Amino acid sequence: MLAALFAAAAVSATCNLEAPTNAAGCTRDAVDRLPMNAIQVVGTHNSYKMAIAPNELATIRALNAKEADAIDYAHPPLAEQLDAGARQLEIDLAYDPDTGLYATPLGFRMAGAAAVPYDFAPLRQPGLKVLHEPSVDYRSVCPLFQSCLREIRAWSKAHPDHVPLLILLNLKEGGLSLPGAVKAPAFDAKAMDTIDTEIRAVFPEADLITPDKVQGRKATLREAVSSAGWPTLKDARGKVMFALDCPPDQVARYRGDRRVLEGRVAFVNIDEASPAAGYITLNEPIADAARISAALKAGLIVRTRADADTREARANDTQRQAAAFASGAQYVSTDYMRPDTRFGPYAVKLPAKGTARRSPAP
């Protein structure tokens with residue numbers, strides 16, 4: 001623990017942790033001795049999301065203008081986001097046990113002859129699907145989870161020096177209460193196992209940072225992360241960590257009867273005192289500042305958000321963004337790695353050169 005603290009103190013907060021130079025405080029040796037939870041990077045929210053077709057968005061706006069504003073954002077392909085410096089991605093999963101449940105969405109049908117073309121073929125294939133809302137916000141840069149995973153894996157192999165990627169998973173259940181709308185089924189035990197199966201089908205064990213590896217011989221994951229359980233950057237480079245950013249009932253279903261997370265691929269968003277605590281989502285960096293600080297001191301990895309629902313972008317409001325970076329949270333998520341010119345200049349960049357810096361958390 002003392003060695004890790006010494007390493008963190010020796011590394012300048014201005015160092016680019018992915019491309020350290022020989023300048024004082026930025027040598028590869030010093031940087032690589034940092035624990036992986038000492039970093040801070042930028043990530044993206046709902047990273048798979050394409051723009052809703054304009055005429056379909058207009059229909060939503062006529063029913064609920066506030067909701068239309070909140071979902072009026074989009075991202076480029078995953079590899080392009082990673083090339084731009086994203087080191088955290090967020091993917092929404094929908095269970096499709098009978099295959100094809102999401103292949104004829106209500107919004108597309110309502111548009112009729114004016115519908116903007118979209119390739120529904122992947123949604124007719126087996127496997128977990130990737131979309132925001134199955135009836136009206138269904139367009140995705142990678143509609144199949146395994147397609148998303150293969151794209152991330154290919155990028156990671158081509159960039160073996162990257163700091164650990166965090167891939168957040170949201171599990172979509174239910175849907176709109178409208179005639180003809182699709183309701184996503186709940187993630188039962190079989191579906192939860194499918195998440196791990198599809199990840200392991202793409203990522204070899206050696207490239208994953210899993211709860212079991214971090215826990216090691218400690219009695220709980222919570223104990224491990226509070227006592228230097230996280231690997232160093234040297235050991236974590238080129239690897240990927242998955243976490244379920246889910247409510248307690250879904251987390252409970254994923255854990256099953258496990259005491260911690262034995263055998264599971266993903267960490268879970270859970271109360272800091274839980275034996276399974278290693279990761280936590282605290283999306284309000286101003287209101288949650290004290291809780292973020294406490295979680296970091298306890299050794300947890302934290303994700304927070306620089307913006308939400310397009311509000312900050314429309315107002316060019318950087319207050320939340322500044323608070324997110326100042327909080328020390330390792331992963332700061334945004335919808336605006338680049339500006340949306342419809343709204344103005346708002347964008348989120350790491351407050352240092354490069355793609356990863358030492359977290360300012362004490």
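Predicted model: local features only at pLDDT ≥ 70, side-chain atom pairs only at ≥ 80, totals over all residues.

**Exercise 1.** Determine which helix gives the largest share of the lining of the second largest pocket, and describe that lining.

*Solution.* Step 1: α3 provides the largest share of this lining, with five residues. Step 2: α3 spans 54-63, and both α3 and α6 (106-111) supply at least two lining residues each. Step 3: the lining has 18 residues in total, and I60, L63, V136, L176 and L178 lie nearest the centre of the pocket. Step 4: by class, the lining comprises nine nonpolar, five polar and four charged residues. Step 5: the space in this pocket amounts to about 410 Å³.

**Exercise 2.** Identify the residues with the most contacts inside the largest nonpolar core, and examine the surroundings of L17.

*Solution.* Step 1: the largest core contains 92 residues, and L17, L93, L169, I199 and F242 have the most contacts inside it. Step 2: strand β4 (residues 165-172) contributes the most to this core, namely six residues. Step 3: beyond four places in sequence, the residues touched by L17 include V11, V31, L34, V163 and L233, and also R237, R357 and R358. Step 4: a separate second core of six residues includes I60, A68, I71 and V136.

**Exercise 3.** Is V225 buried or exposed?

*Solution.* Step 1: V225 belongs to helix α10 (residues 221-225). Step 2: its relative accessibility is 3%, and the cut-off for buried is under 20%, so V225 is buried. Step 3: beyond four places in sequence, V225 contacts V214, W230, A277, G278, A298, G299 and L300. Step 4: V214 lies 11 residues from V225 in sequence, with a C-alpha to C-alpha distance of 7.3 Å.

How values were computed:
Residues numbered from 1 in each chain as written. Heavy atoms only, no water. Core = buried A, V, L, I, M, F, W, Y, C linked by side-chain atoms within 4.5 Å. Buried < 20%, exposed > 50% of the residue type's maximum accessible area, 1.4 Å probe, protein only. Helix = DSSP H or I, 4+ residues; strand = E, 2+ residues; numbered from the N terminus. Contact = heavy atoms within 4.5 Å. 1 Å grid on protein atoms, 1.4 Å probe; cavity = no way out; pocket = protein on both sides within 12 Å on 5 of 7 lines; lining within 4 Å. Points joined across faces, edges and corners; volume = space filled by probe spheres on them. Nonpolar A, V, L, I, M, F, W, Y, C, P; charged D, E, K, R; others polar.
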